[in-house]
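The entries follow the order in which I checked things.

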Amino acid sequence: MVIVASLLLLFLLLAMMPIIGSAELTGQKAPWRIHTLFSVECQNYFDWQTVGLVHSYRKVQQPGPITRLLSCTDEERRHYKGMGLAPTFEVPSMSRHPKTGDWYPAINKPAGIVHWLEHSKDAENVDWVVILDADMIIRGPIIPWELGAEKGKAVAAYYGYLIGCDNILAQLHTRHPELCNKVGGLLAMHIDDLRALAPMWLSKTEEVREDRAHWGTNITGDIYAQGWISEMYGYSFGAAEVGLHHKISDDLMIYPGYVPRAGVEPILLHYGLPFKVGNWSFSKLEHHEDGIVYECNRLFPPPPYPKEMIESNSHERRGLFLSIECINTLNEGLLAHHASMGCPKPKWSKYMSFLKSERFLELTKTKYLNYHEMRNSTMVQSKVADDSRRPHPKIHTLFSTECSPYFDWQTVGLIHSFHLSGQPGNITRLLSCTDEDLKNYKGHDIAPTHYVPSMSQHPLTGDWYPAINKPAAVLHWLNHVKTDAEFIVILDADMILRGSITPWEYGADRGRPVSTPYEYLIGCDNVLAKIHTRNPEACDKVGGVIIMHIEDLQKFALLWLHKTEEVRADKAHYATNFTGDVYSSGWISEMYGYSFGAAELNLKHIVRRDILIYPGYVPERGVNYKVFHYGLRFTVANWSFDKADWRITDMVNTCWAKFPEPPHPSNLTTSDEKALQRDLLSIECGQALNRALQFHHDRRKCSLYSITNSQPALLDGKVDQKDIVYGMSKLPVSKAASNISLLHGSKFLDRSLKIWMIGIWALSVIGFLAVISMLFSRGKVDISRTKINRKRNSKHYDTESSSEA
């Protein structure tokens, strides 16, 4: 008995060794319960995808159960034939939103997961969850902790096209845009993280879906600009809200048709896009209504055999093999499903024979990640990431304006471009207004604003010089606002951002601000600098864009203001030969105030010529400028733009007002490459201003009536599909109207509106009189008929009376 007991004990210890070894390898307690989820609807389209995914799940022996979250309406459920295709948990359909009525089936994914978490017993007995899409083929086990998932840190595939994580979309829809990750496809996370995330995932999906103003391709990356990827953003924004971090991999999942990196063996194929091999191709959308699951032994058209591939490049050939493997695994799953349905044995064919061959089994054998190498790689990547992703200093962007229509449309352009550019941190408009200006001002909501007293009329000298408001406003902001920003970026209102401007990119540091060259400030080279600074050799000809450490700015701002006042008061040196000011009016005194103030503190600038360009100037070859400064008139063919022409025009409060459209790039001649690049940038600037205005009017909810009835002279009635921007159509300007000043146009609109109102009033009066006239006439007829009838009755009565007599 002792010997038998000893043998049994030894047997149990031997049996437990793999479990113990596995636990030591991963550093986690065993067993780890994994559950795989995917979401579908009651449609043939999802049924054949389900068969492929579940077949591949079984083939690779993915640990833990798999559950299909099935969203069906009551009507769909009554006719649905596919309940036996997979282990299923039914969830209410949200394809038609119960409150808004919006038709958006993709929302069923987060809605289904929320329902599963709340109502499924399986959700109570799981540690890790793997979430997939139905249009996937699994090539190897997906073990969350082996992929690097931790509690608080999910694993996901990279979705680079989710550009909304870098622009206004993230800033609008999450309090933590810096945590927004471009991820999706494969999701693996701890159940506790999913419980925290799921309701927010659903809520943010609804929120983004309703934000039609930001459906534009340039904001979301959605090529259809229809808000179709709102659910993907719902996930990213929801994860950012709950502070869920991600280990992002670009190697775990691949789209058939793409080529994997050398040495990488993806464990997931996502056939969401069309792909082809030679003359053969496959697109899932071509099989949207395909009942292939229910038609015995029917398969998708077979791809070429692997041995038929003639691609000489071994790297490209690997990509083609993956495409072939994807469709072959789908067909293998269909064959197995048809057999389970009791379908007759399929007729022999070369392809059928191949799918059942040892060769195919070998080609599609389960792929296992090399966890040891992956861990080492992850550790190296983490170390590099720690070095390269040290927390960047916080940035705050400032710009100065006044209470006038002229600065309002500039503000709309700058703010809109700021959100699209990916510029880190916040932005503040420093608004300088008199008390009287503020009483009538309408543009309070067009930008985050800090109000400052106006110094346009100097309180001591009475000098009229609005440009002094810039240093005065910066000083006021520093004295009245507590900021945690380490660097301040200072711009002018008449700028359009094309990309981010950061201190780490341009080398700004404490004591070393960055700026752009203003070569016309010749006063740094002559007597002007000697008069107004003790350190003329430190005077830099800079301005426009300024990146400065907050501590430098705090020391410098007062000097900037004082030197501006000093240069402005030096009328004896206004002349062009001293200042470079072509008007000889002291108008650029504020610019010299900046240069001389910085020189006083020996702040030597890093001068960067690759940050800013004036539209109309020829760009340097290969330079990606981050800022348009449209301070000067610029021209393309017969079209031109000068900000001064729009000084008194209220572009912001006139519904659908916009500037004359620049020419389309396709109309440019390509013979002169330099001129072409110059004109393309000018066109881009003009278009950016109009798109910003259009977005502003849309945000203000300018009515359709305003479009169709209040601007007949500005529209030609045509909408081109390629002109769709921000989820709505741009309003093309006819050639005749493009030369009309908007000032006159707005008067025309008011006159047109009055004519319409008078016309409607006149028609109403005429209609009312017509109705009264008809009623009156009918009344007369009725009275006449009554009298006639009375006479007839009277005669009839008399006749009867005489007969009786």
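I began with C343, which is buried, with a relative accessible area of 12%; buried here means under 20% relative accessible area, exposed over 50%, and partly exposed in between (1.4 Å probe, protein chains only). Before going further I noted that this is a predicted model, in which local features need pLDDT of at least 70 and side-chain atom pairs count only at pLDDT 80 or more, while totals for chains, interfaces and linings use all residues. I also noted that residues are numbered from 1 along each chain as its sequence is written, and that side-chain values use heavy atoms, with hydrogens and water left out.

Entry on C296 and C343. I found that these two form a disulfide with their sulfur atoms 1.9 Å apart, the criterion being a pair of cysteine sulfur atoms within 2.5 Å. The link of C296 and C343 is left-handed, with -75 degrees about the S-S bond. Because C296 sits in the loop between β12 (280-282) and α9 (314-340) and C343 in the loop between α9 and α10 (350-355), the pair ties together parts 47 residues apart in sequence. Helices (H or I, at least four residues) and strands (E, at least two) are DSSP runs, numbered from the N terminus. C296 counts as partly exposed, at 40% relative accessibility.

Entry on C403 and C433. A disulfide joins these residues, S to S 1.7 Å, and with 85 degrees about the S-S bond the link of C403 and C433 is right-handed. C403 lies in the loop between β13 (395-402) and α13 (405-421), and C433 in strand β14 (residues 426-433), 30 residues apart. I recorded both C403 and C433 as buried.

Entry on C524 and C539. Their disulfide has an S to S distance of 2.0 Å, and its torsion is about -45 degrees, so the disulfide is left-handed. I placed C524 in the loop between β18 (514-517) and α17 (527-532) and C539 in the loop between α17 and β19 (542-549), 15 residues apart. C524 is buried at 8% relative accessibility, and C539 is buried at 10%.

Entry on the whole protein. The count comes to 6 disulfides, and with the bonded cysteines numbered in sequence order the pairing reads 1-2, 3-4, 5-6, 7-8, 9-10, 11-12. I counted 24 helices and 26 strands in the protein, and buried residues make up 50% of its 805 residues.
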